[in-house]
Amino acid sequence: MKTNSEKFLKPKNGPVTFILVAINIIVFIVMEFMGDTRSGGFMLLHGAMNPYLILSNGEWYRLFTCMFLHFGIEHLANNMLLLFLLGQIFERAVGVTRYIGIYIGAGLAGSFLSFFYMCLMGQNDIVAGASGAIFGIIGGMIVVIIVNRGKYSGISTKRMIFMAVLTLYFGFASAGTDNAGHIGGLVAGLLFTLITYGIPTLIHNHHVDLNSEKTYTLDNNEHKEG
């Protein structure tokens, strides 16, 4: 009998999650060999998000590249642990194609909201990290659990919402956290999962329930009315 820990350690149970974690780790190692990932200037030179460079130079690609950069080993470790554990469950729930779309879509939405918020507030910070995409998974898991009648893979709706609130709280309580990106990723994950997985699943389940209703055969004492 397989334990839960064994399921998490097998790439076939979450291939895209393993690939995403591997990409982030490889990028970090390469960046560390090239310089100091804790340096804002160094990160800015290699794809971190910054409002001034996007607006003045049109470097919109930074909204995407910043998703695979991390400020130091602790930042990387925290994000990859959450992605590794929660990502595999979400990937199995929604499927590979939806998972990739939701992950990237939520990450871009988080980056854009962060960019928009900084422009609105007149800030010119340097932003990097997979947090927006990971919050997208958290938001997506809330939808998955609700659609599956309040529980999925041992996780309840209350537990998932509590996790989301707690993670957001730690972000607001810590200095230097991109809270706008977190919120943007969370909301995008909720919406994208609802549209691509939640609504289709509910419609399918409703259709199956209707088709599974019992039918009755008339016996000799019954008659049909035209």
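Is R92 buried, partly exposed or exposed? R92 counts as partly exposed, because its relative accessibility is 37%, where buried means under 20% relative accessible area, exposed means over 50% and partly exposed lies in between (1.4 Å probe, protein chains only). The views below come from a predicted model, in which local features need pLDDT of at least 70 and side-chain atom pairs count only at pLDDT 80 or more, while totals for chains, interfaces and linings use all residues. Residues are numbered from 1 along each chain as its sequence is written, and side-chain values use heavy atoms, with hydrogens and water left out.

**View 1. R92 and its contacts.** R92 lies in helix 6, which covers residues 72-94; helices here are DSSP runs of H or I with at least four residues, numbered from the N terminus. Not counting residues up to four places away in sequence, R92 touches N13 and Y152, a contact being heavy atoms within 4.5 Å. The C-alpha atoms of R92 and S153 are separated by 10.0 Å, although these residues are 61 residues apart along the chain.

**View 2. The largest nonpolar core.** This core has 36 residues, and L83, F90, Y99, Y103, I137, M141 and M160 are those with the most contacts inside it; such a core is a set of buried Ala, Val, Leu, Ile, Met, Phe, Trp, Tyr and Cys residues joined through side-chain atoms within 4.5 Å. The elements that give two or more residues to it include helix 2 (15-34), helix 7 (96-121) and helix 9 (157-173), and the largest share, 11 residues, comes from helix 8. M141 touches L86, I89, F90, Y152, I155 and M160, again leaving aside residues up to four places away in sequence.

View 3. A separate core of seven residues includes M49, L63, C66 and F115. C66 counts as buried because its relative accessibility is 2%, whereas C119, at 33%, counts as partly exposed. A search of the whole structure finds zero disulfides, a disulfide being a pair of cysteine sulfur atoms within 2.5 Å.

**View 4. The lining of the largest pocket.** Of the 41 residues that line the largest pocket, H75, S131, T177, D178 and H182 lie nearest its centre; on a 1 Å grid over the protein atoms alone, a pocket is an open set of points where a 1.4 Å probe fits, with protein on both sides within 12 Å along at least five of seven lines, and lining residues have an atom within 4 Å of a point. Helix 6, helix 7, helix 8, helix 9 and helix 10 each supply at least two residues of this lining.
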